[in-house]
Amino acid sequence: MDAINYDTELRRAGAYSTHGWRRFLFLAQRNLLGTAGLLIMVMFVLAAGLADVICRFDPLAVDAAHALAAPNALHWMGTDSFGRDVFSRIIHGARISLAVGIGSTALGAVIGVIIGLVSGYLSGWIDLLFQRIVDILQALPLLVLALVMTAALGPSLPNTIIAIAIPLIPSVARVIRANTLALRELSFVEAAQSIGMSEMRVALRHVLPNTLAPLIVLATAQLGSAILTEASLSFLGLGIPEPYPSWGRMLSESAAEYVRTAPWLVIFPGIAISLAVFGTNLLGDALRDILDPRQRG
Amino acid sequence: MLAYILRRLALMLVTLLGISVIIFVLLRIVPGNIVDILFAAAGYVDPADKVNLERELGLDQPIVWQYGHWIFGLLHGDLGYSYVSEKPALDEILPRIPITARLAGLALVFSAAIGIPAGVISAVRQGTRLDYVLRVVSLSGLSLPPFWLGLLILMASVKLFGTMPIFNPNPTTWTETIAMYGIPALAVGFRSAALVMRITRSSMLEILRQDYIRTARAKGASEAVVNYHHALKNAMLPVITVLGIEAAFLIGGLIVTETVFNIPGVARFLVEAIRWRDYPIVQNLVMLIAVIVVLTNFAVDLLYAALDPRIRFTD
């Protein structure tokens, strides 16, 4: 019997592929939970993208004759007090949830990266000023700041995105600043400066790409809390306004009174929120293990 | 050490001042104040009345004057009057604090009592089926919206007992007290418990990999002694930080949970005040939350230094 050649075994499993499909398969096999998270997220993206194809009913169509119908063959998840199909509203709700989640995470990340990069790279009084702003934003819990922001901006889809993005800025700014400070001292940055690159070019071409891994890890974690915060805001009646089908608002309409009479109005939107956040959390954990092994737990 | 504390205190004041400015300005860029809302609800009313009411509430003054008036009052313990109830804001806020504080305290106890043991078990049994189950449960704890968990509990209570717990400010029996506070606290604390578990687990795993643990094993210490005497003590430091931060940030979960369970605490009051554009209540409540967050962070940092002799503030 031949001795086991670990090198060949590892190569066959794809451990040495650095990119492409083989690398993805190798990582996916070793992160089953992360793969599950990715599948859940793909499912939600497909639901959002193909909502019009999947749904048999218009999510906004009122049908008083079939109000508060229990789940049946026609209305898989029942209907609400206006006779609107719950299944269609949940599928269309994925659009709102993903739009707010991805929109606010991206907006928060862009502003946070700018603040963090400028702060860490220029230092001096600009750094001091930005740090105080970050401190101020961080002294209020996410939901409290988002609540006050929506109250100030008024309920609408873009305003909800802004209201959730602002509280996400501080943690991005902190991570990027800390990384920039560390990178600035490294010799490749010094080399770039010594061959006469402009500070701007060094910051954008050499420092920024090296902060991407922790940024991706953080942004995935923030995506989950952004989705959760949108649901909370809409649940409190201060997020996405009618008639958009937002999962959180579906729960606030159905709260308390329907707990007794129409439990399907409570159960299904809640499952949708939990599953979406669960998916991002699973994916986020896997990305952290792959991209930032020092934090592995 | 003293210099460090003084510097931190000064920074805290700067942060709080910044928050007060931001909140004040944010609340006043809203189109439409309380007077507009009241008058819109009443239909047509004499515009002169409207001007009078705005003058009475000080809303006709420049914003800088209004801000100065508020801060001056704050420093003298005068928080202004609620627009809605017309009672002093302090009298509206103070009686609601103990309710929310009790809920938050209980939720923290739950999160430590559930999260720490679960985290330790998960770390000690790393890679086993039990570890996987606990990790998935904790991830789901971070994924369930607290208000939905609350609604599910209400639903279960209707199914099991045929009735929903209704908040009673003066519970008569101790079972009623437990149901009144314990159940909502559990709904809020589940998320924090999940967070505490994750931190405990990763902190324990990191400690268990260290040299002094191998030394302890080498000299013949039992698994239990290694895990609980040598490792757990040192692994607790990050857990304390997370518990401290969670203590201040529980308010987010309390806002929705108090709304679901109809509990008249400060968290639900904040949402109501925002809906009514009741500025004096909103700005004072947000300041109260900010003060609690900033002070808790400070206390956690000091506690950290007290517990870990390696940390010394030299700055």
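Trainee: How many helices and how many strands does chain A have?
Mentor: Chain A has 14 helices and 0 strands. Helices (H or I, at least four residues) and strands (E, at least two) are DSSP runs, numbered from the N terminus. This is a predicted model, in which local features need pLDDT of at least 70, side-chain atom pairs count only at pLDDT 80 or more, and totals for chains, interfaces and linings use all residues. Residues are numbered from 1 along each chain as its sequence is written, and chains are lettered from A and ligands numbered from 1 in the order in which they are written.

Trainee: And how many helices and strands are there in chain B?
Mentor: Chain B contains 14 helices and 0 strands.

Trainee: What scores does the model get?
Mentor: The ipTM is 0.86 and the pTM is 0.88. For chain B the average pLDDT is 84, and 94% of its residues score at least 70. pLDDT is the predictor's confidence in each residue, from 0 to 100.

Trainee: Where in chain B is confidence lowest, and where is it highest?
Mentor: It is lowest in helix α2 (residues 34-42) of chain B, with a mean of 66, and highest in helix α6 (residues 97-124) of chain B, at 92. Where pLDDT is low, the predicted coordinates should not be read in detail.

Trainee: What box do the C-alpha atoms of each chain fill?
Mentor: Along the principal axes, the box is roughly 75 × 70 × 30 Å for chain A and roughly 85 × 60 × 35 Å for chain B.

Trainee: What share of the residues is buried in each chain?
Mentor: In chain A, 45% of the 297 residues are buried. In chain B, 37% of the 315 residues count as buried. A residue is buried if 20 or more other C-beta atoms lie within 10 Å of its own, exposed if 12 or fewer, and partly exposed in between, with C-beta atoms placed from the backbone.

Trainee: Which residues have the most contacts inside the largest nonpolar core?
Mentor: They are Leu147(A), Leu270(B), Leu285(B) and Val286(B), in a core of 152 residues. A nonpolar core is a set of buried Ala, Val, Leu, Ile, Met, Phe, Trp, Tyr and Cys residues joined through C-beta atoms within 7 Å.

Trainee: What does Val286(B) touch?
Mentor: Leaving out residues up to four places away in sequence, Val286(B) touches Leu140(A), Val144(A), Val148(A) and Ile23(B).

Trainee: Back to chain A. At what angle do α5 and α8 pack?
Mentor: Helix α5 (residues 86-122) and helix α8 (residues 157-184) of chain A pack at about 35°, with their axes 5 Å apart. Axes are lines fitted to C-alpha atoms, for helices over the stretch in contact, and angles run from 0 to 180 degrees between N-to-C directions. By class, the contact of α5(A) with α8(A) has 20 nonpolar, 10 polar and 3 charged residues.

Trainee: Which phi does Asn262(B) have?
Mentor: Asn262(B) has a positive phi of about 60°, although it is not a glycine. Most residues other than glycine have a negative phi. Asn262(B) is in the loop between α12 and α13 of chain B and is partly exposed, with 13 other C-beta atoms within 10 Å.

Trainee: And Arg277(B), buried or exposed?
Mentor: Arg277(B) counts as buried, with 20 C-beta neighbours inside 10 Å. Arg277(B) is in the loop between α13 and α14 of chain B, and its phi is positive, about 50°.

Conventions. Contact = placed C-beta atoms within 7 Å. Nonpolar A, V, L, I, M, F, W, Y, C, P; charged D, E, K, R; others polar.
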